[in-house]
Amino acid sequence: MSAKSYSKGFKIQVAEDALKPENERAVEILAVKYGIQPRTVVKWRNMYRENGPKAFNKGYMTANDKRTAELLKENAELKEEIEILKKAAAFLADVMRR
């Protein structure tokens with residue numbers, strides 16, 4: 001099952017509606033109103049609250065997303081270094097046995 005794609009305007013509309021004080025506890029009702037899952041309403045509301053409308057720009061990354069990407073890159077680099085060191089250690093052990 002593929003994920004549906006919603007417009008930026010639709011996401012903003014849902015998020016702003018969810019942020020209204022009278023809708024604070026009406027996530028289920030809003031989900032039915034807009035034909036989406038309640039978790040989507042909560043996700044969009046939180047994204048909008050933290051980052052405003054720019055949160056729905058294509059390719060937008062929050063500071064947390066950027067940090068996660070940096071850590072994933074660093075992790076991959078460290079794994080590569082570990083593999084190189086393992087090969088070097090095996091090579092040196094082989095040389096020392098001779």
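1. Tyrosine 60 sits in the loop that runs between α3 (38-51) and α4 (63-97). Helices here are DSSP runs of H or I of at least four residues, strands being E runs of at least two, and both are numbered from the N terminus. The structure is a predicted model, in which local features need pLDDT of at least 70 and side-chain atom pairs count only at pLDDT 80 or more, while totals for chains, interfaces and linings use all residues. Residues are numbered from 1 along each chain as its sequence is written, and side-chain values use heavy atoms, with hydrogens and water left out.

2. Tyrosine 60 has a relative accessibility of 27% and therefore counts as partly exposed. The scale is as follows: buried means under 20% relative accessible area, exposed means over 50%, and partly exposed lies in between (1.4 Å probe, protein chains only). Not counting residues up to four places away in sequence, tyrosine 60 touches Asn51, Lys54 and Ala55, a contact being heavy atoms within 4.5 Å. The C-alpha atoms of tyrosine 60 and glutamate 16 are separated by 19 Å, the two residues being 44 places apart along the chain.

3. The side chains of tyrosine 60 and asparagine 51 are joined by a polar contact of 3.4 Å. The term denotes a pair of N or O atoms within 3.5 Å; within protein, one must be able to donate a hydrogen and the other to accept it, and residues adjacent in sequence count only if both atoms are side-chain atoms. Asparagine 51 belongs to helix α3 and is buried, with a relative accessible area of 17%. With residues up to four places away in sequence not counted, asparagine 51 touches Tyr60 and Thr62.

4. Five aromatic pairs are present in the structure. Rings of Phe, Tyr and Trp (its six-membered ring) pair if their centres lie within 6.5 Å; planes under 30 degrees apart count as stacked, over 60 as edge-to-face and the rest as tilted. The rings of tyrosine 6 and phenylalanine 10 have centres 5.3 Å apart and planes at 20 degrees, so this pair is stacked. Tyrosine 48 and phenylalanine 56 form a stacked pair, at 6.4 Å centre to centre and 20 degrees between the planes. Both tyrosine 48 and phenylalanine 56 are buried. Ring pairs also link Tyr6, Phe10, Tyr34 and Trp44 into a cluster.

5. The largest nonpolar core contains 14 residues, and those with the most contacts inside it include Phe10, Tyr34, Trp44 and Phe56. Such a core is a set of buried Ala, Val, Leu, Ile, Met, Phe, Trp, Tyr and Cys residues joined through side-chain atoms within 4.5 Å. Two or more residues come from each of α1 (8-19), α2 (27-34) and α3; α1 gives the most, with five residues.

6. Helices α2 and α3 pack at an angle of about 105 degrees, and their axes are 8 Å apart. Axes are lines fitted to C-alpha atoms, for helices over the stretch in contact, and angles run from 0 to 180 degrees between N-to-C directions. Helix α2 is thus roughly perpendicular to α3, on a scale where under 35 degrees is roughly parallel, over 145 roughly antiparallel, 65 to 115 roughly perpendicular and the rest oblique. Leucine 30 lies in α2 and is buried, with a relative accessible area of 4%. Beyond its neighbours within four places in sequence, leucine 30 is in contact with Asp17, Ala18, Asn23 and Val41.
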